[in-house]
Every structure is written in structure tokens, then in C-alpha cells.
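Please look through the sequence and the structure shown here before reading the notes that follow. They are grouped by topic, so that each part can be found and followed by eye.

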Amino acid sequence: MNSFSFYNPTQIVFGAGSLSKLSLHIPKNQPILLMYGGGSIKQNGIYQQVINALNGHQYIEFSGVEPNPTYENLMQAVELCRQNRIGFILAVGGGSVIDGAKFVAAAVHYTNDPWEILETQGRHIKTVIPFGVVLTLPATGSEMNSGSVISRKSSQEKRFFSHRQAFPQFSILDPNVTASLPTKQIANGIVDAYVHVLEQYVVSSNETSPIQDGFAETLLKTLYRVGPLLMKNPEQTDLSEEWMWASTLALNGLIGSGVPQDWSTHMIGHELTALFDINHARTLAIILPGVWQVMFEQKQKKLAQYGRTVLHLEGTEQEVAEQAIELTEQFFHSMGILTRIDDYSEKCYLVWDIPKRFKERNWMLGELQNIDHLKVEEILKLRL
Ligand code: NZQ
Ligand code: ZN
């Protein structure tokens, strides 16, 4: 295991009915900005519970945070915060609303153009307004991490930042909230969390940790088991509990501590969302098998470990590793997710902008930083 420093200050309030405890966690005597998305919380009753919890507080609302939240839209919330001297943000939603709140919280006191936050991956942030979360869609782990992914419409970019102050102060994780999710979002949530674990586990195996591997394998087994069941029984709370906690643990920094991490699937996937507007999880399902094929030699041992432990495959190391790639893609299909770029767009030729962009940005991806723009091109060719 490598040396590491693990920091995570987010208070988790977990369990069916935990939304009723929200009022205990909202700070008093601070003007609050309530942020949410396109309105699902008004249909499923979450909004009313949040408004009840805000009773007696001074607050204003900012709604309409889009899936893959945009800089252009969020800058209106930044202005609102500045005008109303907002001291606390309450984000109610999935990864998009939470990421949007993180950006707004970091941008309010940022003196330069806040897009720079994304260009510099958060390095120059000085102050982040405190914020809390009511999670409505288990998937991204944003409820217990300090990362945020923001898109810019004008330049068709989707970029990431993180900062030590950008952890939520608290997150309410109430599994009852998932009952209203359409199956498409359940599939997205399961697959996103599944790939988060894989990005921190199927790596070149020189510096592994049996402890982190064990955590990762438990999370993978859990998501692999509950995913298909949830598609048929979205209201089953015990399944939602497992999904919610597994998704949070998949990206709260724990399983990635002390081990190499890949993240190339995410970096390429973000470009597919920026260019073709494909849902985040679906971009991962498209790209991951390509990364594994192109980087097979480096990942074979860990792929075989994954195949044996999680998928119960048998055979030689190479056979099991190859079958693990196939079975993972079949798992995505079983969740109703298509895995080729041309399943989503007729303008596949646009993908060749991606390696060009990575070359311009001097990006080297993967756990060994050896995936250059030419390898990205190879990966994309396999996934058309
Ligand atoms: O906008 P509303 O009306 O709320 O509807 C949302 C949205 O349309 C709906 N929804 C959410 N909870 C619901 C619900 N519908 C019914 N019942 C509920 N309880 O679901 C739709 C998708 O929501 P969104 O927040 O976009 O999904 P997700 O949580 O998958 O977030 C995706 C975003 O997170 C980023 C992605 O890139 C993408 O922008 N990520 C953030 C990460 C992080 N901060 O660590 C890591 C991830 O890898 C990812 O990149
Ligand atoms: Zn993701």
C-alpha cells in the first residue's frame, strides 16, 4: 500500500426517514440558498419536507439546475448569493445539483472569472461557502466528496474541480427518496457507482492493498446484485439502502486511499457528454471496455482478480480477464444501457476532436499516466 492522507469531514445522516431530521442540521442565523433541479422534488414530496425543515429560516430558492449543470446557468445563482449575502447553501438533488452547489459555493467569493476554477481544477480557490445536501439519487458520491463537474455550453466543455473546503457539511441519505426514480436513472446510478469502484480497483497491480481490494470487491458485488433487482422493485427500501451506501462509499476517498487510480474512462466519458449530451453513466459504459482492451496487458492481473472474486469466473488468468470484460459489458446491457457511440449519435466523426483536445491540454491519463492522445484514439475506435 502507498502512503496516504485521508480527510473527509462530511457528516452522514443515513436511514429510511432521516429526511425528517434535516431541520436539526441547517445552521440558524444565516441567509440560505435552497438549490434544486428541474422539479422532480415537487412531484415526490421531498420539496414540501425540505420547506417544512426551513421553517423559521431566512431563505431564497434557485431551481432549474440541469443534469450536467452549466456554468452559464449557475452564474445566475452566484449573483443571487452575492446580492443576498448567502451564508449557507442547501442542495437537494442528485450529483448535478450537488456539483452545481459546490461550484456556486466556491465561485461567490472568487475574484477572477469563476470558469478559471475549472481550468485550474480548484487550485486557486480561497473560500467556499458552507453547504449541506439532501441526496435524491445515489450515483456520483458527490454527497461525500469534494469534487464537482461543470459544463460550459459555449465551448462544449465539461471540466472537474475539487477543493478541501468543498465537502458538504452534512448529507441526508434517506433511501425512501429513490422510490420515484425512473428505471433509466436507477440504471445510470448503479453503473456510475460501479465504474467509480472499477476506476480505483482495476489498475496495474504493482501497488495493491488487500484491504482496499476487499472494500472494492464488496461494493462491486453489492451493486452487481442489487442493480437488476432495483430495476424491477424500485420501491424496495432494503435494496435502496444498499445502493445508496455503496454509491457513497464508492467515491468518498476511502477505497482509493493508498492505491493507484485510473479515471481515464471518466475523462474520456466527460468529453462524450460535452459533445453528444450522453448521460454520464452511459458514457462510462461505452468507454470502459475500450480502456480495458487497449490497456489489457497492464490490467490483466487485476481484471482476473475481479473476474474470479466478483463475477465467479474460472480459467487461466488471461481467459478470466477477457471474460470479465465481456461480462461487464453484458451487465451494462442487462441494465438497459447501450455501449457503443453510434447507439447515441449519428455524428460519430466528432469524436476525433477528443484526442485533439487531450493533446492540446497535454493530458496523460491512467494510473501510470501512460494513456496519451494516440491511445485515446485507439480506445475510441474500438467503441464506435
Ligand atoms: O432535475 P430533477 O427534476 O431533480 O430530475 C433529476 C434529473 O433529471 C432526476 N432525479 C433526481 N432525483 C430524483 C429524480 N427523479 C425522480 N426522483 C428522484 N428522487 O434525475 C435526473 C438526473 O439527475 P442528475 O443529478 O443529473 O444525475 P446524477 O446524480 O447521475 O449526476 C450526474 C452528474 O454528476 C457528475 C456527472 O458528470 C453529471 O454531471 N458527476 C459528479 C461526480 C462527483 N461530484 O464526484 C463524479 C461522477 O463521476 C460524475 O462525473
Ligand atoms: Zn462517474
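In this predicted model, pairs between rings join Tyr194, Tyr224, Phe331 and Phe332 into a cluster. The points below begin with that cluster and then turn to the metal site, to charges over rings and to a residue in a loop.

**Aromatic rings**

- Across the whole structure, a search finds 12 aromatic pairs, and one of them is formed by Tyr194 and Phe331, whose rings are tilted, with 4.9 Å from centre to centre and 55 degrees between the planes.
- Tyr194 and Phe331 are both buried.
- Phe331 also forms an aromatic pair with Phe332, which is again tilted, at 6.2 Å centre to centre and with 40 degrees between the planes, and both Phe331 and Phe332 are buried.

**The zinc ion**

- The zinc ion (ligand 2) is coordinated at 2.0 to 2.1 Å by an OD atom of Asp192 and by the NE2 atoms of His196, His266 and His280.
- Read along the sequence, the donor residues of this zinc ion follow the spacing D-x3-H-x69-H-x13-H.
- His196 and His266 are both buried.

**Charges over rings**

- The charged end of Lys42 sits over the ring of Tyr47, at 4.7 Å from the centre of that ring.
- Arg361 lies over the face of Trp363, where the distance to the ring centre is 4.6 Å.

**A residue in a loop**

- Met144 is found in the loop that runs between strand 5 (131-135) and strand 6 (147-152).
- Is Met144 buried or exposed, and what is its relative accessible area? Met144 has a relative accessible area of 10%, and because buried means under 20%, Met144 counts as buried.
- When its neighbours within four places in sequence are left aside, Met144 is in contact with Asn8, Thr10, Ile12, Phe167, Pro168, Thr248, Leu251 and Asn252.
- Met144 and Val133 are separated by 11 residues in sequence, and their C-alpha atoms are 9.3 Å apart in space.

Key:
Residues numbered from 1 in each chain as written. Chains lettered and ligands numbered in written order. Predicted model: local features only at pLDDT ≥ 70, side-chain atom pairs only at ≥ 80, totals over all residues. Heavy atoms only, no water. Donors = N, O, S within 2.8 Å, 3.2 Å for Na, K, Ca; no water. Buried < 20%, exposed > 50% of the residue type's maximum accessible area, 1.4 Å probe, protein only. Phe/Tyr/Trp six-rings, centres within 6.5 Å; stacked < 30°, edge-to-face > 60°. Lys NZ or Arg CZ within 6 Å of the ring centre and 35° of its normal. Helix = DSSP H or I, 4+ residues; strand = E, 2+ residues; numbered from the N terminus. Contact = heavy atoms within 4.5 Å.
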